[in-house]
Amino acid sequence: MKQTTLDVLVIGAGQAGLAMGYQLRNTPLQYQLLDSHARIGESWRRRFDSLVLFSPRAYSALPGLALPGDPQGCPTKDEVADYLATYAQHFDLAVVPNTTISRLELSAHGFRATCTAETVIEARAVVVATGAFQQPRIPALAAHLAPSLPQYSSTTYRNPAQIPAGRVLVVGDGATGRQIARELCSTHEVLLACGRPRRALPEYLLGRHSFWWMHRLGLLQATHTSWPGRWIQHSDPFPGHALQAAQLQRAGVRLTGRLVAAGGRQIHCTDLPAAMIDAVIWATGYRDQSDWLAVPGATDETGTLLHNAGVSPVPGLYHIGRPWQTTRSSALLYGVGDDAAAITTHLMHYLYRGAVGEVGRRFDRLASQL
């Protein structure tokens with residue numbers, strides 16, 4: 001079995017991992033980014049065909065390299081995937097493809113990562129950059145539906161041609177659920193089961209994209225403890241093209257209340273006593289996939305990753321790309337760069353604490369530049 005020793009292991013080479021790589025390349029630390037796919041950006045390519053980001057290109061880029069195209073236009077998922085691959089190549093980041101971690105545990109060196117590629121990596125510090133969108137969260141009542149009823153998640157849905165004819169229930173009215181429902185309504189009868197009240201912002205206000213306004217008003221930089229941050233977390237507004245409730249209804253989508261029961265091919269919503277469906281698409285969010293993380297204190301009893309602004313309770317363990325890690329934009333391409341810089345500074349202090357002489361002076365110079 002091959003063994004590698006590093007200063008920093010970054011698990012994941014999506015936008016969060018690449019942002020970390022961008023920062024780490026300017027340090028003396030030996031690092032690697034592990035990607036479970038053969039190509040960088042593959043997780044974006046595998047999402048549904050028509051996916052378009054709700055943030056314009058000017059707010060969808062990582063540090064140091066602009067996303068090509070109209071800065072005010074919103075990129076497709078394939079554009080983002082290609083951009084990430086270009087980004088890694090442009091900055092010559094140390095990405096190892098086709099490598100998945102099967103177990104991460106503590107070791108005398110710091111951490112030991114056992115990989116599916118018959119490799120063991122010893123690292124003094126680890127940054128988990130697997131992202132916020134790992135395992136689809138499927139409600140328990142899905143098990144009560146008929147085995148013959150086609151069920152999809154936001155990760156397995158591709159396009160309307162994939163869905164059998166008839167009435168389709170889309171569960172979850174966030175940006176993804178609304179985009180899927182709007183796309184499907186041209187070929188299917190669509191019910192969109194809504195949860196708590198959500199507000200879809202108009203894409204443009206007074207000729208400016210909503211993201212421009214959110215940036216100018218400081219909403220993208222809002223922390224989770226500030227009053228704007230608390231308001232955003234409660235209302236969870238998002239911009240998008242023709243995704244407001246009235247626009248969806250005019251397009252033919254029927255909005256219902258919360259899904260409360262299901263059995264066979266019949267579903268019940270709070271304002272819909274009973275309806276027969278021919279397929280269901282779960283757009284109900286994601287949960288952490290952390291069964292590989294065998295580090296005591298790194299997760300809670302539900303497997304959720306524990307951290308404070310990306311710093312784990314476990315010394316030497318960090319996280320990047322988490323929702324509201326520091327601000328509203330932490331899980332977006334726009335904001336992950338600032339978090340990567342902060343994590344790198346903290347990580348350098350951790351690894352070089354107590355350093356004296358020229359090593360200490362070199363660290364101080366590097367830390368001041370990050």
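How are helices α1 and α8 oriented to each other, roughly parallel or oblique? In this predicted model, helix α1 covers residues 15-24 and helix α8 covers residues 333-352, and the two pack at an angle of about 45° with their axes 8 Å apart. The helices α1 and α8 are therefore oblique to each other, and α1 passes α8 in a right-handed crossing.

Two packed helices are described by the angle between their axes and the distance between the axes.

| Helix pair | Angle | Axis distance |
|---|---|---|
| α1 and α8 | about 45° | 8 Å |
| α1 and α3 | about 20° | 11 Å |

Helix α3 is formed by residues 77-90, and the angle of about 20° makes α1 roughly parallel to α3, because angles under 35 degrees count as roughly parallel. The crossing of α1 and α3 is left-handed, whereas that of α1 and α8 is right-handed.

The residues in contact can be followed along each helix. On the α8 side, Q15, A16, A19, M20, Q23 and L24 of α1 meet L333, V336, G337, A340, A341, I343 and T344 of α8; sorted by class, the residues of this contact are nine nonpolar, four polar and no charged. Towards α3, the α1 residues Q15, L18 and Y22 meet L84, Y87 and A88, and this contact has five nonpolar residues, one polar residue and no charged residues.

A separate feature is the second largest pocket, which has a volume of about 210 Å³. Its lining consists of S50, V52, L53, F54, C74, Q179, R182, E183, E203, G240, H241 and L243, and these lining residues divide into five nonpolar, four polar and three charged.

Notes: Residues numbered from 1 in each chain as written. Predicted model: local features only at pLDDT ≥ 70, side-chain atom pairs only at ≥ 80, totals over all residues. Heavy atoms only, no water. Axes fitted to C-alpha atoms, helices over the stretch in contact; angles between N-to-C directions. Helix = DSSP H or I, 4+ residues; strand = E, 2+ residues; numbered from the N terminus. Parallel < 35°, antiparallel > 145°, perpendicular 65-115°, else oblique. Left-handed = near helix turned anticlockwise from the far one by under 90°. Contact = heavy atoms within 4.5 Å. Nonpolar A, V, L, I, M, F, W, Y, C, P; charged D, E, K, R; others polar. 1 Å grid on protein atoms, 1.4 Å probe; cavity = no way out; pocket = protein on both sides within 12 Å on 5 of 7 lines; lining within 4 Å. Points joined across faces, edges and corners; volume = space filled by probe spheres on them.
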